[in-house]
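Keep the viewer open and try each task before reading its solution.

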Amino acid sequence: MNFLQKIFRNKNAKTTPKNIQDYASITNIFEREYETAFSCIDKIATSFASLSYGAYDKKTKQKTEHPLYEVLKEPNLDETHSLFFYLLIKDYYAGNVYLYKYTDETGRVISLFRLNPSAVIVTRNEFNQKTFSYYGQKYDSNKILHIPSRFGYDGKTGKSIFSECKKTFETSSNLNSYTANTFDNSLGKRLVIDLSESYPNANDDEQQKIRNKYLSFYGGVENAGKPIVKTGKIKFETIDTGISDNRQAQLTENRQFQLEAIAQIFNIPIEYLTGKGITDLEVITTLFMTQAIQPLVDVFQEAFNKLFSFSEREKYYVEFN
């Protein structure tokens, strides 16, 4: 690609057209509930967005300055490469990536825009080719690049990893709820203030005031370690049900189960996710790249090759490093 071609592409690259609507990926909803899933997707998306890539000549296997490289480098004038590719992965885990191809007068792609997957309706025409309806507009594959996820693809659309692995995520959520209820509804170790001798006739309001007083003086992290001053005939003692250690062990066990189960779904080595127990960083990183990143690389490489014109597909290909 010569200098004039590059200038032409940048000059005609577009900001978001009016028919493209802003949106947030539906994975955001699940990521707020499942922190481990957020961590997995964030690590995968960040790593994918940082990969180097190029357009290559099929004969020489050498990198070439094809205009498509510039499009992937700056998909449109509103989004950077890193942000665009990061969000592509979030859409992929939500089930489907839809890219609107903005072309110049020769039919060459000069900008790419993500479409809200929740607003796209996929059907097939009389020739059994996919057609896409988006906020009342209809498009064919000449305008829309569809990248369905590998999770439960039915021939039209892919499925969300959260819907396909629903039982695992529900179990994780139930364990969180169970652990929280255990902490909230058990006594554990608590201070008892005996007012029976000092204030034998104290009503509920007076008892609450005394309780609030002690909380303000001795409760919370900021008061940790401060001595408790006895006044009058007030007695103090501690109730310990003896289940504190059991609860802590149960929480640790449940947490580990959730981490391992969700990490396995995303093909991430548990050591890479937690940073603990790493004996060989290179081995763990290699496992992460081959198990979690490489399958995505294969999917997007093949999809991006469709951005070449039919004649160019015999000459060029996109490859990630």
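Contact here means heavy atoms within 4.5 Å. One reminder before starting: this is a predicted model.

**Exercise 1. Describe the surroundings of Arg114.**

Solution. 
- Step 1: Locate the residue. Arg114 belongs to strand S4, which covers residues 109-114.
- Step 2: Decide between buried and exposed. Buried means under 20% relative accessible area; Arg114 has 12% relative accessibility, so Arg114 counts as buried.
- Step 3: List the neighbors. Leaving out residues up to four places away in sequence, Arg114 touches Ile20, Tyr23, Glu79, Phe84, Leu87, Leu88, Asp91, Tyr98 and Leu99.
- Step 4: Look for polar partners of the side chain. The Arg114 side chain has a polar contact of 2.7 Å with the side chain of Tyr23, and another, of 2.8 Å, with the side chain of Glu79.

**Exercise 2. Work out how strands S5 and S6 pair.**

Solution. 
- Step 1: Find the strands. S5 spans residues 120-124 and S6 spans residues 130-134.
- Step 2: Read the pairing. The two strands run in the antiparallel sense, with five bridges. Across from Ile121 is Ser133 in S6.
- Step 3: Inspect the turn. Five residues lie between the strands of this hairpin, and Asn128 has a positive phi near 65°.

**Exercise 3. How many cavities of 30 Å³ or more does the whole structure hold, and which residues line the largest cavity?**

Solution. 
- Step 1: Count. The search finds one.
- Step 2: Size. The largest cavity has a volume of about 30 Å³.
- Step 3: Lining. Tyr93, Arg150, Phe151, Ile161, Ile265, Phe266, Asn267, Gln291 and Ala292 surround the space.
- Step 4: Sort by class. The lining has six nonpolar, two polar and one charged residues.

How values were computed
Residues numbered from 1 in each chain as written. Predicted model: local features only at pLDDT ≥ 70, side-chain atom pairs only at ≥ 80, totals over all residues. Heavy atoms only, no water. 1 Å grid on protein atoms, 1.4 Å probe; cavity = no way out; pocket = protein on both sides within 12 Å on 5 of 7 lines; lining within 4 Å. Points joined across faces, edges and corners; volume = space filled by probe spheres on them. Nonpolar A, V, L, I, M, F, W, Y, C, P; charged D, E, K, R; others polar. Helix = DSSP H or I, 4+ residues; strand = E, 2+ residues; numbered from the N terminus. Buried < 20%, exposed > 50% of the residue type's maximum accessible area, 1.4 Å probe, protein only. Polar contact = N/O pair within 3.5 Å; in protein donor to acceptor, adjacent residues only side chain to side chain. Pairing = 2+ DSSP bridges.
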